[in-house]
Amino acid sequence: MTFVERLTIGCRLSNTDGFFPPLTIGNRFRVMTKKRVLPPDRLAECTAAHELFLRKKTELKLSQRKIADKAGMTPAAVNLYFKGINPLNAQFAAVLSEVLQEPVARFSPRLADEIAKMAMQVGETKATYGREASNVEMTVQPRNGWEYP
């Protein structure tokens, strides 16, 4: 059976049976399912972040749109983090921490540890590949009146 045949079979819609086309990937038919529920510890992180946002939003004149703009995402995506649909990650936690002017550990000790480990690795990388390893040299800019050779 060709892809077009599978698609036309899946697209049969009638008013009586309410059949909707399944998502086809390769040779298999897949039915779209809901996202998995987050584990309790991750859900607690999302709830704590949302509660902190609700406490600070009037004081700092914040909205989910302002957080979204700072994080480079849509307000709907921010809402998915706050409602516990998507788990918090280090990138969003860092942006949220900056906007709320609170440490990440206030709402997620796990992500605070993860960010600290990443910072240590970056510090080690800078120490290993510092100025000595660079192939770029500083130059002096010519002053007015100087000519290039």
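Begin by selecting I115, which is partly exposed with a relative accessible area of 25%; here buried means under 20% relative accessible area, exposed over 50% and partly exposed in between, computed with a 1.4 Å probe on protein chains only. This is a predicted model, in which local features need pLDDT of at least 70 and side-chain atom pairs count only at pLDDT 80 or more, whereas totals for chains, interfaces and linings use all residues. Residues are numbered from 1 along each chain as its sequence is written, and side-chain values use heavy atoms, with hydrogens and water left out.

I115 lies in helix α6, where helices (H or I, at least four residues) and strands (E, at least two) are DSSP runs numbered from the N terminus. Show its surroundings next: not counting residues up to four places away in sequence, I115 touches A90, A94 and V104, contact meaning heavy atoms within 4.5 Å. If you then draw a C-alpha to C-alpha distance from I115 to N89, the two are 9.8 Å apart in space and 26 residues apart in sequence.

**The aromatic residues**

Now colour the aromatic side chains, for which a search of the whole structure finds three pairs. Rings of Phe, Tyr and Trp (its six-membered ring) pair if their centres lie within 6.5 Å, and planes under 30 degrees apart count as stacked, over 60 as edge-to-face and the rest as tilted. Select F53 and F82, whose ring centres are 5.1 Å apart and whose planes stand at 25°, so this pair is stacked. F53 belongs to helix α2 and F82 to helix α4 (residues 75-82), so the pair ties together parts that are 29 residues apart in sequence. F53 is buried at a relative accessible area of 3%, and F82 also counts as buried, at 3% relative accessibility.

F92 is buried, with a relative accessible area of 2%.

The buried residues of α5 are A90, F92, A93, V95, L96, S97, V99 and L100.

With α2 displayed as well, look along the two helices, which pack at an angle of about 35° with their axes 10 Å apart; axes are lines fitted to C-alpha atoms, for helices over the stretch in contact, and angles run from 0 to 180 degrees between N-to-C directions. α2 passes α5 in a left-handed crossing, meaning that the near helix is turned anticlockwise from the far one by less than a right angle. At the contact, A49, L52, F53, K56 and L60 in α2 meet L96, V99 and L100 in α5. By class, this contact has seven nonpolar, no polar and one charged residues.

**The nonpolar core**

Which residues have the most contacts inside the largest nonpolar core? They are I67, F82, L88, F92, L96 and F107, in a core of 23 residues, where such a core is a set of buried Ala, Val, Leu, Ile, Met, Phe, Trp, Tyr and Cys residues joined through side-chain atoms within 4.5 Å. The elements that give two or more residues to this core are α2, α3 (64-71), α4, α5 and α6 (109-128). The largest share of the core, six residues, comes from α5.

Centre the view on L88, which, leaving aside its neighbours within four places in sequence, is in contact with E45, C46, A49, Y81, F107, R110 and L111. From there move to E45, which lies in helix α2 (residues 40-60) and is buried, with a relative accessible area of 7%.

**Two loop residues**

Finally, select Q101 in the loop between α5 and α6, a residue that has a positive phi of about 55° although it is not a glycine. Q101 is exposed, with a relative accessible area of 58%. The last stop is K61, placed in the loop between α2 and α3; K61 has a positive phi of about 55° although it is not a glycine, and is exposed at a relative accessible area of 64%.

Note on methods. Ala, Val, Leu, Ile, Met, Phe, Trp, Tyr, Cys and Pro count as nonpolar, Asp, Glu, Lys and Arg as charged, and the others, Gly among them, as polar.
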